[in-house]
Amino acid sequence: MNIAFVYSSLRKGGAERVISSLANYFVSNDQVNIITLDNYDSEYELAPGVKHLKLDVSGKSVSLMDKFRSIRTQIARIAETVAAMQPDVIVAFGQIADQIPDYQVHIYGVGDEQEMLEGLANELKIGDRVRFWGLCDRISDVLCRNRIFVLTSESEGMPNGLIEAMACGCACIASDCDFGPSELIREGENGVLFPVGDVDRLASALLEMATDRGKAERIARNAQKINDTLSIERIANQYHDYIEMIAQRGRE
C-alpha cells in the first residue's frame, strides 16, 4: 500500500514526531511518503525508504488555499516554541522549595517568556534551583532521569510530553485542561490532576510527590503501563487498519 502524510513541516513538535514515528513503522511493509509545505529537512530521524518531499510553498500565498497553508505553517512554528512556559510551576515550587531542599525544577523548551520566568525565579529566591535547558533532542533520556513531571498547560490536544513522561516512569502531575490529561490520568492511580491555574493545588501535589516516595513510586509504576496501551505497534496498527479501510472504500 502507498501511504502519504501531508503536513506543514517536520520540524520540532508533537505531531511531527508522531508522523515520523508512524512513517518509520509503516515503511517496513508499505511505500511511505511525507509531504511537507516548507523546505526544511526533518528534525526527526526517518528510516531508510521513507521519502520526504518538500514543496517549499509556505509563505508564497497566491490563492486562498495557499494563504491557508501559509497560516497553518506559521501556527505550527509558533507551537514549537510553546513548551511549559507557564509561571505556575515556578510559583508553586517557590511555595514549597524550603521543604524539599534536594529538588530542582528543570524546564525544557524555548519561548519569548524565558527572561520573565528567570526573573520570577530570582524574585522568589529560587533562581539557583530553576534551570532552563532550551530545546532537547533526546527528551526521553532526560525524563527517565527525573522523578516528577509537571504539565501546566491551559489547553492541549493529546499531550505527547505527558505520555512520554508516563512511559518513562515519572510521577506525573498535570493540569486538568481540555483536552488529553484526564483521558490519560486516573486520579491518584497513575498520576495527579489539578485545576488549570490553581497554583496552591499544584504546590500541594508537588510536595506530596516529593515527600511521599511510596505513593510517587506506585503512581510511576502504574503510569508505565501506558507503554502497553499506547505502544507504537498497537497505535500504528490501528492507524494502518483505518487507512486500509478508507482505501478499500475508495476502490469500491
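What do the buried residues of helix 3 pack against?

Author: First, the ground rules. This is a predicted model, with residues numbered from 1 along each chain as its sequence is written. Local features need pLDDT of at least 70 and side-chain atom pairs count only at pLDDT 80 or more, while totals for chains, interfaces and linings use all residues, and side-chain values use heavy atoms, leaving out hydrogens and water.

Now the setting. The protein has 11 helices and 8 strands. These are DSSP runs numbered from the N terminus: helices are H or I with at least four residues, strands are E with at least two. Of its 252 residues, 38% count as buried. Buried means under 20% relative accessible area, exposed means over 50%, and partly exposed lies in between (1.4 Å probe, protein chains only). Take contacts between residues at least 6 apart in sequence: 59% of them join residues at least 24 apart. A contact means heavy atoms within 4.5 Å.

Helix 3 covers residues 88–96. Its buried residues are Asp88, Val89, Ile90, Ala92, Phe93 and Ile96. They pack against strand 4 (105–108), helix 4, strand 5, strand 6 (148–151) and helix 8 (199–211).

Start with Ile90. Beyond four places in sequence, Ile90 touches Ile107, Leu117, Leu120, Ala121, Leu124, Ile126, Val130 and Phe132. Ile90 also belongs to the largest nonpolar core, which has 30 residues. A nonpolar core is a set of buried Ala, Val, Leu, Ile, Met, Phe, Trp, Tyr and Cys residues joined through side-chain atoms within 4.5 Å. Within that core, Ile90, Val130, Ile173, Leu206 and Met209 touch the most other members. Helix 8 gives the largest share, 7 residues. A second, separate core has 16 residues, including Leu151, Leu162, Cys170 and Leu193. In soluble globular proteins, nonpolar side chains tend to be buried together.

Next, Phe93. Phe93 is in contact with Arg129 and also with Gln104.

Arg129 sits in the loop between helix 4 (114–123) and strand 5 (130–134). Arg129 is buried, yet has no salt bridge. A salt bridge is a side-chain nitrogen of Lys or Arg within 4 Å of a carboxyl oxygen of Asp or Glu. The nearest side chain of opposite charge is Asp98, 5.1 Å away. For charge, Lys and Arg count as positive and Asp and Glu as negative, with His and the chain ends not counted. What does the side chain of Arg129 reach? The backbone oxygen of Ile100, at 2.6 Å. That is a polar contact: a pair of N or O atoms within 3.5 Å, where within protein one must be able to donate a hydrogen and the other to accept it, and residues adjacent in sequence count only if both atoms are side-chain atoms. Other residues that Arg129 touches include Ala97, Pro101, Tyr103 and Val105.

Last, Gln104. Gln104 lies in the loop between helix 3 and strand 4. Why does Gln104 count as partly exposed? Because its relative accessibility is 39%. Its side chain makes a 3.3 Å polar contact with the side chain of His106. Besides Phe93, its contacts beyond four places in sequence are Asp128, Arg129 and Arg131. Gln104 and Arg131 are 27 residues apart along the chain, with C-alpha atoms separated by 7.7 Å.
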